[in-house]
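Keep the viewer open and click along as you read.

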Amino acid sequence: MKAASVWTNIVQIFNFFTFSSPGESDVAQKPLIPHTKPDPLSTQVIPIVKDEFGQLRHGDRIMVQEYSSGMVYHPDEYELVPLRTGGDERSYVLNEDPIGPIVGPIVRTPKNGQEGKEGGLNCHYPYMVGWEPCYGPENRTCWLKAADGSGKRIDIDTDYENPAAVPEGKTRRFYFDISEQPIAPDGMTMEHGKVFQRRYPGPWIEACWGDWIAEVTIKNNLRWNGTSVHWHGIRQFESFQHDGVNGITECPIAPGETFIYRFRALQYGSAWYHSHYSLQYGDGLLGPITIYGPSTAQFGANEAFRPILLSDWNHRSVFEDWPLMMSTGIAPEMTNILINGTGQWGWGPQPEKYTIWLDEGQAHMLILVNAAVDTTFVFSIDNHTLEVIEADFVPIKPYNTTNIKIGIGQRYHVLVHAHENGYKNERYGNYWMRATPARKCSKFAFGPDEQMGIVRYNRTEPAKGWSDPLSEPSLFDTMCADEPYDKLVPWKKWTVGDPVNIDPTIVDPQTLPNSSQYIFNVGMIESGGPNSSTPYIPNDKAYTRWMMHEAPFRINFSDPTLLALDRLDELINKPYLDVVTLSNATSEQWVWMVITAPDKIPQEGGRIFFPAAHPMHLHGHDFALLRQSTKNWYDDDDIGHVGEGRWFTPDKLNCRNDKLKCDNPPRRDVVLLPATGYVIIAFKADNPGVWILHCHIAFHASSGLAIQIIENKDKIPDVLKKDKEKIEEGCRSWREWHGNPMNHWDWHHPDHFQDDSGV
C-alpha cells in the first residue's frame, strides 16, 4: 500500500447521553455547566452486535460502520450540518440536525489533508452552553472560552486530572473485529497475523478532550486465543475495570464473544491501544489513538499528521519466538523496522516508504509512538529541527532537538518547522525520516534499514517518478536512554508530597511484608520445574525468567484479581501474583516506589542480576519521576562502587532531600529504567483499582517482569458498580471455552495452554 495514502475521514455522528453536572467553580479555568447529566459509565449500555446477516445492530436499529475508523453510527443521525466560521479552525457553531436543535461550541481539529478531509474531526460540546472555541493556528494553548467576556477559559493551564474542570464532550462508539490473517507489511508474508478490522495497524481512534469513548465493542474471532484490549496511557479514572488487562481487570474475551470498554478522555494527546493478552500485540494487534486538545506551541492550520507508529517486526509469530526464548534464555532477534505498518524487505516487490509532504515555511505537528516489542528508537528527519511539546499525555515546555529517543510505549508530540525553500537546503526537496535503533536497547539479526520514511516538499510527481533523498543525518548519540531529564518540564506544575507508604523509622526495608515493599529489584531467576509447586509452564525443568518482586509474575486467566479481592490474603500468599497493597490512602497522598536494575548486587536467593534497560509502564496513573540515575543503587565491594541507595534510606526518602526533585519533576507513564541504574517514581493515591506495573519489552513482560498494585481496595466496589456482573458473565464464557481441551492448540496437554505470564 502507499505509505502516504489518503485515509477516509471519520464520520462524526454520535448518540448523546446527558451527563452529571460538575457544579460551579471559583477557579477561572473550570467550566460552568448548568445541565444535569447522568454518568455514562453508570448508564445501561446497549451492545453493538452483528446479526445473522452480518449487519451491525444497536438494539433494534441497523447501524453503519465507517471502515477507516471503526466508528459506528445510525444513518438517520448522519447529516452534513452547515457551519458558520469566524476563522480557521476556531469559531464553528452547529445550526441544527434532523432530531432537533443542537447548541454548544465546536472546535475544529487541525488534521492535514493527507490524512483525509482537511480539518478532520469536529469537537462538539453540546452541553457547554455559553462557551465558544478559541483554538486555532494563532493560539493553540486555548480550547474554549466563556462567551460572556468574563475571561474564563478551558486551556493548557486547566487541571486535566480534575474531571469537573474538563469540558463535557460527546459519546463515541466503535466496533472492532479481531481476526487472524496473513499480513505482509514489508513485502514478506507473516502467516499468523492478528489484526483489528482486518488491517495492520488497527484503525485510528480519534476523539476530543472530554469525550466519552463509551462503547468500544471488541469481537474476538481468533481460533486459539482469548484477548483483551488495553488503552495505553489512558488514566481510566474511576473506570479501572475497563483497563483491558486479562487476569487483572477481566477474564480474556473468549473466541466468538464480545466485550464493551467504556471510559472518558480526561487527558489529551496521543497513545495507542493494543492487546494485553500474552505477546499478542507483537503479531499486529495494535492501533493509534489521538485525543485532540490544546498544545504548548503554535503550528499552522491543518498541519497535524496521523500518529507515526514506530515498531520492530519479525517474519515469525511472536508465539513461535517465545519457546525459543524459553529454551535459550535469550530474547529473539528482530528482523525489520516498520513505520505505520510499512517497511521494505528483500529484493522483491515492496511497499513504498512511508511519506509525508511538508508545506514550505509552516510548522507541522508529528505524533511519534513507539509500538515495538523490543526496540528503543531514535527518531530524526535529516536537516530539520524537532520542537518537542508533549511527552506521553503530559504537555511540556517546548524544547528543540535534532533527534528524539523514544522508549517502548512512550509518545511525543513534536513540531517540524519546514524550510522556507525545501529545495535550497537539499536537492529535489526530499529528506530521509529515520528510525534508528538505540544501542543496547535493540537486537536485530541484520542491520535494519533506518531510512524508513521520506519527507518531501514537492507534491507534484516528476515525469520520471519520485527520487529517493540524498540527505545525510546529523551526528547524534544513539545510546539507550530517555530524553534528557531537565528537558521534560511539565507545563501544568505538580508539587509532590512525602510518601504515605514509607515509614521513616524502618531500619531495613527488606524486613517489610512483601505486600508492603517499595523497593523492587529487576533481575532473573530459575523457576518452576517438575518438583515445584509453582504454576509455570513448561515445567519439565527450571527455566530462567524475569522478575521484579517475589517471583516471576503469572496471572490466572480464569480468576482475575478484580473478582478475587475478597480473598486478598490468599492472593498475597501466592508469590507469583506479586501483589502490592496500598490501603487507606487519601487522594492527596503520594505513593513512592524505587525500581532498580542492579548488575549483580544484591545476592538474593539465586537471583541473577546483569545490566539491561527496561521501559517501565504504570497503568492508571501519570507518575512523577523524582530521580533517574545510571548509577547502581547498591554497593559493590568487588569494584569499589559505593551505591547511591545510601542517600535514600527510609528517613531520607522525602522531599527535604535535595537529591530528589519534588517541585514539578518530569511526569509520564513510561520511564526507561537505566541498565545498572534506578528510578524513583511517585503517584497520587487518587484512582482506586488494580493496576499493573510492568516492563514494556513484550518478551520480558511475558517472562514475568511485572507486579500488580491494589490501590484502596475498600473503595473499589463503588467503582465497579454494575460492571461487575458483565465481567462475571465474560468470565463464565471464558471458563466454558477454556474448559474444552479441543479449543487448545495443544489439546493433548491442556495444562500447556498458558506458557507465559499471561500479560
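Let's start at Cys142, which counts as buried, with a relative accessibility of 1%. Keep in mind that you're looking at a predicted model. Cys142 forms a disulfide with Cys134, and the two sulfur atoms sit 1.9 Å apart. Cys134 is buried too, because its relative accessible area is 7% and the cut-off for buried is under 20%. Look along the S-S bond of Cys134 and Cys142 and you'll find a torsion of -75°, a left-handed link.

Cys142 also has a place in a sheet: its bridge partner in E14 is Asp155. Strand E13, covering residues 142–146, pairs with E14 in the antiparallel sense, over 3 bridges. Zoom out a bit and you get an open sheet of 3 strands, ordered E12-E13-E14, with antiparallel pairing. Its edges are strand E12 (131–133) and strand E14 (153–155), each of which pairs on one side only. On average, neighbouring strands in this sheet are turned by 20° against each other, ignoring direction.

## A link across the chain

Next up is the disulfide between Cys441 and Cys480, with an S to S distance of 1.6 Å. This pair ties together distant parts of the chain, 39 residues apart: Cys441 lies in the loop between strand E32 (430–437) and strand E33 (451–456), while Cys480 lies in the loop between E33 and strand E34 (519–521). The link of Cys441 and Cys480 is left-handed, at -45° about the S-S bond.

Are these two cysteines buried or exposed? Cys441 is buried at 9% relative accessible area. Cys480 has 18%, and because the cut-off is under 20%, Cys480 is buried as well.

Now move on to Cys655 and Cys662, joined by a disulfide with 2.2 Å from S to S. The torsion about their S-S bond is about -90°, so this disulfide is left-handed.

Count the bonded cysteines along the chain and the disulfides follow the pattern 1-4, 2-3, 5-10, 6-7, 8-9. Cys695 is in no disulfide, and the nearest cysteine sulfur, which belongs to Cys441, is 9.6 Å away. Cys695 counts as buried, at 1% relative accessibility.

## The five-stranded sheet

To finish, here's another sheet to trace. It is open, has 5 strands in the order E37-E45-E44-E39-E42, and its pairing is mixed. Which strands are at the edges? They are strand E37 (579–582) and strand E42 (670–673), and each pairs on one side only. Neighbouring strands of this sheet are turned by 20° against each other on average, with direction ignored.

At the E37 end, you can pick out a parallel pairing between E37 and strand E45 (residues 706–711), made over 4 bridges.

Conventions: Residues are numbered from 1 along each chain as its sequence is written. This is a predicted model: local features need pLDDT of at least 70, side-chain atom pairs count only at pLDDT 80 or more; totals for chains, interfaces and linings use all residues. Side-chain values use heavy atoms; hydrogens and water are left out. Two strands pair if DSSP finds at least two bridges between them. Helices (H or I, at least four residues) and strands (E, at least two) are DSSP runs, numbered from the N terminus. Axes are lines fitted to C-alpha atoms, for helices over the stretch in contact, and angles run from 0 to 180 degrees between N-to-C directions. A disulfide is a pair of cysteine sulfur atoms within 2.5 Å. Buried means under 20% relative accessible area, exposed over 50%, partly exposed in between (1.4 Å probe, protein chains only).
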